[in-house]
Amino acid sequence: MNIGQAAKASGVSAKMIHYYEQIGLVPVADRTSAGYRDYSNTDVHMLRFIRRARDLGFSVAEISDLLSLWRDDSRKSAEVKQMAQGHINELAIKIKALQDMSNTLTMLVNACQGDHRPHCPILKRLETDPEDEDLSIYPRRGAVDRRLQ
């Protein structure tokens with residue numbers, strides 16, 4: 001099948017298939033006598049594997065390792081489990097960082113009056129190193145900020 005058909009069958013765009021070939025994640029496809037790429041069902045199966053791994057957030061380097069393990073019939077499942085657990089640990093760190101960002105933004109939005117006055121705790125936070133500032137000085141939504149009256 002040609003690259004468009006392989007892209008449709010695998011859920012990986014033709015551009016990404018080219019990229020994966022370029023970086024050596026997947027072997028370069030065979031060519032037809034007319035010079036077109038010719039992908040096999042095995043190639044499509046591998047591309048689906050890669051797509052699912054990307055959907056789970058694995059990096060290209062990690063996917064390369066997973067592909068090596070996938071192709072190795074003598075692999076130990078413990079190696080795969082260890083990789084997946086490491087990825088879970090990385091995701092937990094990212095989730096915590098995102099939750100911290102969300103909490104900070106929520107606090108800042110709640111402190112912002114959102115009215116005609118120029119005072120804006122959101123902009124103040126962006127211009128100030130958070131370690132240098134006590135954010136408790138910002139009023140909560142609905143509170144009267146005497147500094148601005």
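The mean pLDDT of this predicted model (pLDDT being the predictor's confidence in each residue, from 0 to 100) is 88, and 87% of the residues reach 70 or more. Over residues 141–149, however, the pLDDT is below 50, although this stretch still has 15 contacts beyond near neighbours in sequence, a contact being heavy atoms within 4.5 Å. Where pLDDT is low, the predicted coordinates should not be read in detail. Residues are numbered from 1 along each chain as its sequence is written, and side-chain values use heavy atoms, leaving out hydrogens and water. In this predicted model, local features need pLDDT of at least 70 and side-chain atom pairs count only at pLDDT 80 or more, while totals for chains, interfaces and linings use all residues.

Six helices and two strands make up the elements of the protein, in the order α-α-β-β-α-α-α-α along the sequence. Helices (H or I, at least four residues) and strands (E, at least two) are DSSP runs, numbered from the N terminus. Among these elements, mean pLDDT is highest in helix H3 (residues 41–55), at 97, and lowest in helix H6 (residues 121–127), at 88. Of the 149 residues, 26% count as buried, meaning under 20% relative accessible area, with a 1.4 Å probe and protein chains only.

A closer look at one residue follows. Glu21 lies in helix H2 (residues 14–22) and is buried, with a relative accessible area of 8%. The Glu21 side chain reaches the backbone nitrogen of Ala29 at 3.3 Å. Leaving aside residues up to four places away in sequence, Glu21 touches Val26, Pro27, Val28, Ala29, Arg37 and Tyr39.

Key. Buried < 20%, exposed > 50% of the residue type's maximum accessible area, 1.4 Å probe, protein only. Polar contact = N/O pair within 3.5 Å; in protein donor to acceptor, adjacent residues only side chain to side chain.
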